Amino acid sequence: MLLNKMPSQEPQRMSRALALAFICGGVLVFAAALGMYYYQYVSNTVDQTEWVEYKQAYEQYHSLHHSGDLDASIPLARDLLVDAPTPTQEAQVRLKLAYDLFMRNKGNDRAESYKIYKDAASTEGAIPLLRALSLTDMAFTIQMVGDETLATTYIFNDPPYNSILSQAGGDVQLALLDLYKLSDSIYPNAFAKIQIASIYAQRLANGKVVPGNL
């Protein structure tokens with residue numbers, strides 16, 4: 001049952017802070033799980049010299065990626081895609097490259113960013129967790145900047161994504177909700193679950209229609 005009065009801003013700020021904390025925790029868990037996967041499987045199937053060289057190049061890129069030096073990190077990411085020893089490693093780099101392009105936002109960066117996210121979501125041979133994360137990352141960019149026109153222009157503009165928006169009655173937030181649900185169905189993950197709960201909470205707080213099933 002919806003409340004007649006809008007909730008105060010302070011609880012909403014606290015909810016956002018808690019959601020962000022959970023998201024950060026989920027990302028750390030994901031990174032640890034992915035690191036274990038690489039150690040156990042990738043290092044045992046790739047030539048050791050090739051792996052060491054790739055790992056050194058990746059660490060250089062990773063440092064620039066986290067420092068925010070996007071003009072330097074993006075060319076290195078493109079090189080890593082050429083040299084990636086496994087489909088999974090390639091998919092991981094693609095997600096970071098997509099994020100860097102989105103954040104740099106020069107020329108056609110964002111168009112390329114969303115194309116990369118979509119390609120990563122359908123990459124055969126990649127572990128389901130990475131495919132799922134490509135969907136959550138793509139959806140979260142819209143919530144991060146609060147610009148729904150990006151979603152209609154770059155995400156829900158072609159198959160199969162345009163059908164998601166159509167089934168949501170043109171409501172971008174509901175379409176993003178369905179993207180998170182799709183991500184969680186590919187590989188259950190905390191990031192998607194938190195964002196699903198967040199969208200439900202926002203819609204309830206604003207008196208908007210809420211789907212019947214979580």
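**View 1. Asp 178, a partly exposed residue.** Asp 178 counts as partly exposed because its relative accessibility is 28%; buried means under 20% relative accessible area, exposed over 50%, and partly exposed in between (1.4 Å probe, protein chains only). Look for Asp 178 in helix H9, residues 172-186. Its C-alpha atom lies 9.6 Å from that of Gln 167, which is 11 residues away along the chain. This is a predicted model, where local features need pLDDT of at least 70, side-chain atom pairs count only at pLDDT 80 or more, and totals for chains, interfaces and linings use all residues. Residues are numbered from 1 along each chain as its sequence is written, and side-chain values use heavy atoms, leaving out hydrogens and water.

**View 2. Phe 156 and the largest nonpolar core.** A nonpolar core is a set of buried Ala, Val, Leu, Ile, Met, Phe, Trp, Tyr and Cys residues joined through side-chain atoms within 4.5 Å. The largest one here has 51 residues, and Phe 156 is among those that touch the most other members, as are Tyr 114 and Met 138. Leaving aside residues up to four places away in sequence, Phe 156 touches residues including Tyr 161, Leu 176 and Leu 179; contact means heavy atoms within 4.5 Å.

**View 3. Residues 1-29 and the model's confidence.** The protein chain averages a pLDDT (the predictor's confidence in each residue, from 0 to 100) of 82, and 76% of the residues score at least 70. Over residues 1-29, though, the pLDDT is below 50, and this stretch has 13 contacts in the model beyond near neighbours in sequence. Where pLDDT is low, the predicted coordinates should not be read in detail.

Notes:
Helices (H or I, at least four residues) and strands (E, at least two) are DSSP runs, numbered from the N terminus.
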